[in-house]
Every structure is written in C-alpha cells, then in structure tokens.
Amino acid sequence: MNGSFLRQTWQNLVQNPWLNAITLGTIALSFLVLGLFLVVFLNTKGLLEEWGSRIRVTAYLSGPVDPDQAMRLKEKVQGLEEVREVQYRSKEEALRILEERMPERKEWLRGLPRNPLPASLEVHLKGEYQNSEGVQSLVKKMRGIPGIEDLQYGSDWLEKFSAFMALLKVLGLSLGGLLLLATILVISNTIRLNIFARKEEIEIMRSVGATGFFIRAPFYMEGILQGFLGAVLALAMLYAFFQLFLSRVYEPLKGLLGSFPVQFLTWEQMAAMGLGGVVLGLFGTQVSVGRYLRL
Amino acid sequence: MIEMIHVSKAYEGNPHALFDITIRVEKGQFIYLFGPNGAGKSTLLKLLYAAERPTSGEVRVNGFDLVRLKPRRIPSLRRTLGLVFQDLKLLQRRTAEENIAFALEALGAEKGEVLKKANQALRWVGLERRATCLPSELSAGEQQRLAVARAIINDPVLLLADEPTGNLSLAAAEETIRLFEKINLRGTTVVLATHNEGLVNRWPKDKIILEQGRVSESPLAPPSANG
C-alpha cells in the first residue's frame, strides 16, 4: 500500500515537472529569506549581548583618596543591586595606564608637577542590568554617594542598537509572515493543479471504492515533500551564502568586529526549519484538498 | 439486492428528476433500465452507487442503507459494485493493462496480485492481446470491454452500466451484451441503463421503464407502488 502512495506521489511530481520545480524554488526562496533574517537577527543579538557585557560605569573619586576610603566606597558600590563587580583604580594606576596607551607622551606625563588623574571605580553590571535602564538606575543611585565626583557611562548607542534590533524583529516577522503565507498559497496552488490534472484518476478511484485516505494521501505526501525539500534546499543555499560571507566579508573585517564569532544556525534551528517546511506543506495541501477534493 | 421505496430526487430547475420510484431488483437478475434520454436513468443509477442522495424515500443496495450511509462508508458500498460509465472513463495515457492495474492499486492490492488479476480480467473480456495498447488504439467495442473488465475486477455482486452500447455498432453491441450475460451467469446482478429500443427487443430481459422521472413499468415492483 505504501508503495502505491509513493508511486502516486512520484507520478504527481513528474506529471508537472516545471510546476513542481517552480513550487520548490519558491518555497526554497521564501525559506532562504527567512533563514537570512534569522541568521542576521541571531548574530546581531549575540553581538549586542557581547557588547552589552562590556558596559561599565566609571566613577571618578573626588580629591586624594586613601586606600581605606577607597575600600569603603568600593564596598558600598558593590552592595548595589545592579553591580556584579567593582575594580578600584588608584591615581597612580590611572597614570600608568595612560602612559601605556600614549608611550610617545610618556616623558611629558612624567614631567607634570602632580598627577592630574583621579582615582576611579570601574563598575561592571549584572547581566540583567546590562541595558540602558539598568545603567540609568545604577547611575542615579551612585550620584548620591559622597566621595564620587563624576560618573562616566555611555548608553546612547545601546538604546539605538536596541531600537534597531526591535525594527529588525518586526521587519523579519512581518516579512516572514508574508512569505509563509505566499508559500502556503504556492503549495496549495500546485496541489490544486495536480488535483485537476488527476481528476479522471480520482473519479476512477472513487468509483472502484478507494478510501478517502488512499486518494488524499499522495497529495499530502507531495505537499509535505515539497515543503521539506524547499526548506532543505534553502538551508543549503543559506550555508553557501554564509561561507561566502565568512571568507569575503567577515575575515577581512575581523579586526573591526573584534573577537565576536559569527554563527550559523544551530542543529535545532535547522531542524525547526525542516519541520516548518513539513507543516507549511501540510497546510498548503489542506487548503486545496479541503476545497477541491471533497470525497 | 436493490430496493427503492417512494424515492424522489429534485434538482434546482428540475423538481421531478425522479418521482416516487419504487422498484426491487433481486440477486442474480439481469434487468434493463429503459427509457428515453432525460427520463432519469443516470440519476437513478447515481442514487444506487451513492453519488447522489435521494430527496425523499428509501434506497437500499447490497445491504447498505444509502439514505443514512455515512460518506466514509461509501467506499465499502462501491467495493461491492461494478460501474461502467457512459463515457467509459478510461485513462488515455495508460495502456489497457495499466487501466485495470490502476483500479486494483486504488484498492490497495499487492503488486504481484495486480498484474495477475489484470491479465486474468483482460483474458476474460478477450483483450489479452491488446494489453499494451492505449485506449485510443482500441476499437469502440474493445474500449467498452476494457471498461467492463475494470468494473468486474473486484468480483462485484452488482454491476451498473450506463448506456454501454450507446456508441457501438450492432456487432459490437451484441458482443457487449454477451459479455454482460456471461458476467450475469457468474452470479453478478446486472442493471443496464439504455434508451436503445432495438437492443431491448433484440435481447429481451426484465425491464424497468422510466418516463419523465417515473416508473411506468417494473416487473417486480410491489403492486401497491405501481399506481
């Protein structure tokens, strides 16, 4: 019986090779665009998280600070809800770092009558506070602490980046939704044409007493196969594009992007795409079978 | 076998396609459903293989109550029937053998059994040498026999044929009638719808005469329903 299903499915596919090829191409293209969005989105999200983890607030301390004072301040800041880690940087350490960064000015810096750099606390935030709100809330609390003269933090870029991510999400979801809808329509149209092409065969099957399941099953298998193959084809193309991106764009720009590793979809995400193809195939078939193959 | 009691069928624009039909066909009978074009023969046959449901009345075929038959049970009814359509419904891109094999496969038969049974059926209708021909390469009579072979592939208890001699020469028509008689001799009940008076007179059998959707003559109809 299964052999018959497969034979019927195969016949459906070869009966209209161009139609089926176009269908497969359209499904693959839809999934390719979706996949591209997913890869860009996931990597951008990763990049944002990576950058977010670098967020810190620098608190410059007022006047000369003795180590005890510094330790008390450090403990106080460490006790705040948003804080993961605090590092104390003395005036001397600050000067040494500056000297390292500007070796050509080393002599000039040493020639200064007194160290102009303030001591500071480098405050790192906990993961859940590594965003603009977290930074704002921490800064508000730290402003009230005596001994802290000035605070330096930068979260504007973070806000803009979050807005960009939200836009990407909306764009990806709406375009994705449209493409999925188009895919369902394309599949259902192909199945509809195959139902019409096999109208006589279906009539004969009905007349001899073939069950509804037997008549419908090849169409469902065809839809599922098209959806699945379309998704697999899209994944293959996506992987090829990804490799091309790695060699042509990522490697040359690696210095700019830092150590952030660009990633392809995980196995789970790829499996989900394959499954998505199957579900779309089923859905597309159902639309046409429900309408044109009432038994 | 077949029992219709006060059956009517109305369509939009044709309220009396069939009107108050009461007939009985017993097991093993060979009966003509005779009447002019438009008398309701095809509609009556459609009611018998559950392609249509009656507007009112009772229809029972091979033990199935067709008025209350659930759609998913229709295949079970059809497996007890053999259907020969007026337009034959042969698959033009498949050979004679493949046409029969297709019907068997649709019933879920195994591949080995399909070939064996298809060849047996072709032999039975005298088409064994034409197995690899496409329908278009067969004569009208041969095409008719191929359609009959496909109809009896599942050893039906009831064979329904709609105008099977419509486009045939006298010789081919006779051949077809002989074939139906042969099938009838195997124990299969045969109902043959025709408007061909010559055929009915030449090979006389029991007949139900339909006129304008009503039965005007029926050999086994209960007396109460004849009025």
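Biologist: How do β1 and β2 of chain B pair?

Modeller: Strand β1 (residues 2–11) of chain B pairs with β2(B) in the antiparallel sense, over six bridges. Pairing here requires that DSSP finds at least two bridges between two strands. Strands (E, at least two residues) and helices (H or I, at least four) are DSSP runs, numbered from the N terminus.

Biologist: What is this model, and how is it numbered?

Modeller: This is a predicted model, in which local features need pLDDT of at least 70 and side-chain atom pairs count only at pLDDT 80 or more, while totals for chains, interfaces and linings use all residues. Residues are numbered from 1 along each chain as its sequence is written, chains are lettered from A and ligands numbered from 1 in the order in which they are written, and side-chain values use heavy atoms, with hydrogens and water left out.

Biologist: Back to the strands. Which residue stands opposite B:Met4?

Modeller: B:Ile23, in β2(B).

Biologist: And what packs on that sheet?

Modeller: Helix α1 (residues 41–48) of chain B does, touching β1, β2 and β4 (56–61) of chain B. Contact means heavy atoms within 4.5 Å. The direction of α1(B) makes about 120° with that of β1(B). Axes are lines fitted to C-alpha atoms, for helices over the stretch in contact, and angles run from 0 to 180 degrees between N-to-C directions.

Biologist: What is the strand order in the sheet?

Modeller: The order is β2-β1-β4-β5 in chain B, an open sheet of four strands with antiparallel pairing.

Biologist: Which strands stand at the edges?

Modeller: β2 (14–25) and β5 (64–65) of chain B; each has a single partner strand, so one side of each is left without a neighbour in the sheet.

Biologist: How many bridges join β1(B) to β4(B)?

Modeller: Five, and the two strands run antiparallel. B:Ile5 has B:Glu58 in β4(B) as its bridge partner.

Biologist: What about β4(B) and β5(B)?

Modeller: They pair in the antiparallel sense over two bridges, and B:Arg60 has B:Asp65 in β5(B) as its bridge partner. The two strands form a hairpin with two residues between them, and B:Asn62 in the turn has a positive phi of about 50°.

Biologist: Changing topic. How many residues are in contact between the chains?

Modeller: 17 residues of chain B are in contact with 17 residues of chain A. The buried area is about 1700 Å², with carbon and sulfur atoms giving 55%. That is the accessible area (1.4 Å probe) that two parts lose on being put together, summed over both.

Biologist: Which residues of chain B lose the most area?

Modeller: B:Phe102, B:Glu105 and B:Ala106, together 27% of what that side buries.

Biologist: How many salt bridges cross the interface?

Modeller: Two, by the rule that a side-chain nitrogen of Lys or Arg lies within 4 Å of a carboxyl oxygen of Asp or Glu. The side chains of A:Glu203 and B:Lys89 meet in a salt bridge at 2.6 Å, N to O.

Biologist: Which helices of chain B touch chain A?

Modeller: α2 (74–78) and α3 (96–106) of chain B each supply at least two residues of that side. α3(B) gives the most, with four residues.

Biologist: And how many salt bridges over all chains?

Modeller: The count comes to 24. Within chain A, the side chains of A:Lys141 and A:Glu82 meet in a salt bridge at 2.9 Å, N to O. The pair links distant parts of the chain, 59 residues apart.
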